[in-house]
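Here is a short briefing for a first look. Take in the sequence and the structure, then read on.

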Amino acid sequence: MLADLKSALASPRQSLQQVLNFALVLSTAFMLWKSLSVISNSPSPIVVVLSGSMEPAFQRGDLLFLWNRDAGTEVGEIVVYNVKGKDIPIVHRVVRKHVTVPVRDESGSTTPSSPKLLTKGDNNVADDTELYAKGQSYLDQEDLIGSVRGYIPAVGYVTIMLSEHPWMKTAMLGIMGVMVILQRE
Amino acid sequence: MHSSLNRLQTTFGFFSTCAFTLAGIIAVLSLIPIPTPTSQPSAVIKPREVQVVKGRPHYYSAKREEYAHIRFDLDADLSPLFTWNTKQLFVYVTANYPAQKGNDQSESVIWDSIIPATATPWSWQSLKSTYFPDKKSLRVSKNKNKNKRGVESTTTALSKPGKINLKNQKPKYQITDPSGIMAQRQNVTLQVSWNVQPWVGALVWDNGYFGGRVGSWKNGRTGRSKSFDLPALKGSKPEAVKDPEGPRTPKAAEGKPITDI
């Protein structure tokens, strides 16, 4: 290892180029992710299913592709939303859409209010009223992160395993480190 | 250069490329109509018995709202939607009614059902039930024939996946409105809709982008009922009609001058 360090210091331009290449790879991946976010108008365009509340349609570990450019949401669409104030995205189906009477303010102009939505998981008996924030009975269009348009089964299971068993992260890093050291020799 | 780790990496990379390409091809193929579909899905729905009752959202809430209980007849044939890439079909019946002013409709699901596709002999479900059967199902089905289907469907009277025959079906959900008023609403229609969930690829709804391409409704049997009105509250006097828009701020008093100067 010390020999590698010496060779790196001897040709600083080459090692800097390698660092730059590495940074380029990282930033390309990041920019791809962000441009996907912009195209689909959603803060998180690809999500992994964590719970079993949409079985048998979506199992834990399925990867979902979201789209958020539609003006309105229809009943029957599967949406991902964040509970107000919490950061847990929930994937459920819209079962009710109520059009509200537009509110008239003092100047006499009406502001069109977005329809109120109620969601429910396919595998749940009750709808999501209990999951919403205190005092909130319906969702607005702005609470939604996106609407599910397509999915790939079982690909995201690695993410779930890594987040639920953090010792696996250290184990994987350890194995990778061991491999790198062993490879040199 | 040709160490075992390298070989493993190359193999895994090649495998994942092939898998994703295959998934992409499957996803695209199930959206384009080749071969052209021979039959179209059809559905006829009729409301049977409609009641509006007073109820609470849940046991501890103080407010009382009106709930509509709509029983219906449904005759549907959705078997053309079951292709080789269909994992399950989600069928749902909505009651649509217009808001007080304007043409926008409020929609609420009153009944839904998941129809899974029949498990093929080499699928995960069939293999699991043959080689790792649940001890419970072994004991119960000793006298019956071994059922190849691993999952029970929730729709009653199924002879083939996709054929639905319901008579005077009790709705799964009783519906209300944020204003709390459901009695004597007019121009209510029932609509049957479907959502195909594939094994891999894009989800298709009947009123979505690919709905018309994958399975447009047959002429005359589009699954929409004639419009009907909701009755008055059960047990209430007929002249007690509530203000349907809910509480409004009263308009400020206007004074007109008696003489025009």
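**Two chains in contact**

Chain B and chain A bury about 2800 Å² between them, where buried area is the accessible area (1.4 Å probe) that two parts lose on being put together, summed over both. Carbon and sulfur atoms give 57% of that area. Glu107(B), Pro178(B) and Trp205(B) supply 19% of what chain B buries against chain A, more than any other three residues.

This is a predicted model, in which local features need pLDDT of at least 70 and side-chain atom pairs count only at pLDDT 80 or more, while totals for chains, interfaces and linings use all residues. Residues are numbered from 1 along each chain as its sequence is written, chains are lettered from A in the order in which they are written, and side-chain values use heavy atoms, with hydrogens and water left out.

**The interface**

- The contact (heavy atoms within 4.5 Å) takes 33 residues from chain B and 29 residues from chain A.
- Between the two chains, 18 residue pairs are in polar contact, both at pLDDT 80 or more. A polar contact is a pair of N or O atoms within 3.5 Å; within protein, one must be able to donate a hydrogen and the other to accept it, and residues adjacent in sequence count only if both atoms are side-chain atoms.
- Helix 1 (4-29), strand 3 (86-98), strand 4 (105-116), strand 6 (189-198) and strand 7 (201-202) of chain B each supply at least two residues of the side that touches chain A. Helices (H or I, at least four residues) and strands (E, at least two) are DSSP runs, numbered from the N terminus.
- Strand 8 (residues 144-152) of chain A pairs with strand 7 of chain B in the antiparallel sense over two bridges. Pairing needs at least two DSSP bridges between two strands.
- Gly150(A) stands opposite Ala202(B) in that strand 7 of chain B.

**A sheet in chain B**

- Three strands form an open sheet in the order 1-2-5, with antiparallel pairing.
- Strand 1 (42-55) and strand 5 (163-169) stand at the edges with a single partner strand each, so one side of each has no neighbour in the sheet.
- Strand 2 (residues 65-77) and strand 5 of chain B pair over five bridges.
- Lys163(B) in strand 5 is the bridge partner of Asp77(B).

**Salt bridges**

- The structure holds seven salt bridges over all chains, each a side-chain nitrogen of Lys or Arg within 4 Å of a carboxyl oxygen of Asp or Glu.
- Across the interface of chain B and chain A, the count is zero.
- Asp122(A) and Arg93(A) form a salt bridge at 3.1 Å, N to O. These two residues are 29 residues apart.
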